[in-house]
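Open the structure in your viewer and keep the sequence panel beside it. The tour moves from one selection to the next and says what is there.

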Amino acid sequence: MEFKIDIHTEQAFLSQALKYEKPRELLLTHTTPYDFQIDEHKSIVWSIFELKKSGKNFDRDVILSYSKQSKIGKEVDYDFIDNLYNNFEDKEIDCLPLLEKLKRDGCYYNLIDKKVPELLKNLMSPKTKINEIESLIEEITNKIQRSKITVDTSFLNLRQLTEKHDKLDEERKKGISFY
């Protein structure tokens, strides 16, 4: 069983984050290098995080330099970064759909890569107790639910989620909304 990585989503989101501030902030606040499946992309994301911490100017050469020091993923060359800059949108786009797909795909990839084979192995073993299988299924379900919550909240921060909840709660008390 193999999950096909959506390389285009990763590349498009990274391209936007490399070129524009708003997508970069979205990347910095809602992802980690481990949300990306392509090793070179992990290295670039790690570099973006390190650049943010250091406060250095953000350009291709600095990203290239940082990627050579990356502790995650694979080192990239100038052509790789240049392709990300040049082969995608020249204008800023709404990256939330890309981010949502990236997070969802990351969850599914990790489940298919790690948890599903573990579940199958346990199902095939006569020694496995039913409560062990139930526990593994519950773990998988929880991972999917956490991914769904992340996607469904459209990446609101805690204050925004609380305000939204309080508003809905008030509407329910008044009998205006029950959903």
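Select Glu21 first. Glu21 is partly exposed, because its relative accessibility is 45%; buried means under 20% relative accessible area, exposed over 50%, and partly exposed in between, with a 1.4 Å probe and protein chains only. This is a predicted model, in which local features need pLDDT of at least 70 and side-chain atom pairs count only at pLDDT 80 or more, while totals for chains, interfaces and linings use all residues. Residues are numbered from 1 along each chain as its sequence is written, and side-chain values use heavy atoms, with hydrogens and water left out.

**Stop 1: the partner of Glu21**

Glu21 and Arg24 form a salt bridge, with 2.9 Å between the closest N and O atoms. A salt bridge here is a side-chain nitrogen of Lys or Arg within 4 Å of a carboxyl oxygen of Asp or Glu. Side chains of opposite charge can pair when their charged atoms come close. Both residues belong to helix H2 and sit 3 residues apart, about one turn of the helix. Helices (H or I, at least four residues) and strands (E, at least two) are DSSP runs, numbered from the N terminus. Is Arg24 buried or exposed? Arg24 is buried, because its relative accessible area is 11%.

**Stop 2: from H2 to H3**

Now select Glu25 and Lys52. Their side chains meet in a salt bridge, 3.2 Å from N to O. This pair links distant parts of the chain, since Lys52 is in helix H3 and Glu25 is in helix H2, 27 residues apart. Glu25 is partly exposed, because its relative accessible area is 28%.

**Stop 3**

Move to helix H6 and select Lys115 and Glu118. A salt bridge joins their side chains at 3.5 Å, N to O. The two residues are 3 apart in H6, about one turn of the helix. Lys115 counts as buried because its relative accessibility is 16%, and Glu118 counts as partly exposed because its relative accessibility is 34%. Next, select Asp6, Lys101 and Asp105, which are linked in a network of salt bridges. The count of salt bridges comes to 11.

**Stop 4: the nonpolar cores**

Select Phe13, Leu14, Leu27 and Ile44. These residues have the most contacts inside the largest nonpolar core, which has 26 residues. A nonpolar core is a set of buried Ala, Val, Leu, Ile, Met, Phe, Trp, Tyr and Cys residues joined through side-chain atoms within 4.5 Å. Which helices supply at least two residues each to this core? They are H1 (7–19), H2 (21–30), H3 (39–54), H4 (60–69), H5 (78–86) and H6 (96–124). H1 gives the most, with 5 residues.

Stay on Leu27 and show its neighbors. Leaving out residues up to four places away in sequence, Leu27 touches Phe13, Leu14, Ala17, Phe36, Val45, Ile48 and Phe49; contact means heavy atoms within 4.5 Å. Another core lies apart from the largest one and has 6 residues, among them Cys107, Leu111, Leu119 and Ile140.

**Stop 5: helix H1**

Select residues 7–19, the range of H1. This helix has 13 residues and spans 18 Å from its first C-alpha to its last, close to the expected 18 Å; the expected span is 1.5 Å times one less than the number of residues. Color the buried residues of H1, including Thr9, Glu10, Phe13 and Gln16. The buried residues of H1 pack against H2, H3, H4, H5 and H6.

**Stop 6: the surface**

Select Leu120, Leu123 and Met124. Together they make a nonpolar surface patch of about 340 Å². Leu123 lies in helix H6 and counts as partly exposed because its relative accessibility is 47%.

Then select Gln69, in helix H4. Gln69 is partly exposed, because its relative accessible area is 46%.

**Last stop: the whole chain**

Clear the selection and view the whole protein. How many helices and strands does the protein have? The protein has 8 helices and 0 strands. Buried residues make up 36% of its 179 residues.

Definitions and conventions
Patches are made of residues with over 30% relative accessible area and no salt bridge: like charges are joined within 9 Å, nonpolar side chains (Val, Leu, Ile, Met, Phe, Trp, Tyr) within 5 Å. Accessible areas come from the Shrake-Rupley method with a 1.4 Å probe; for residues, only the protein chains shown count as cover.
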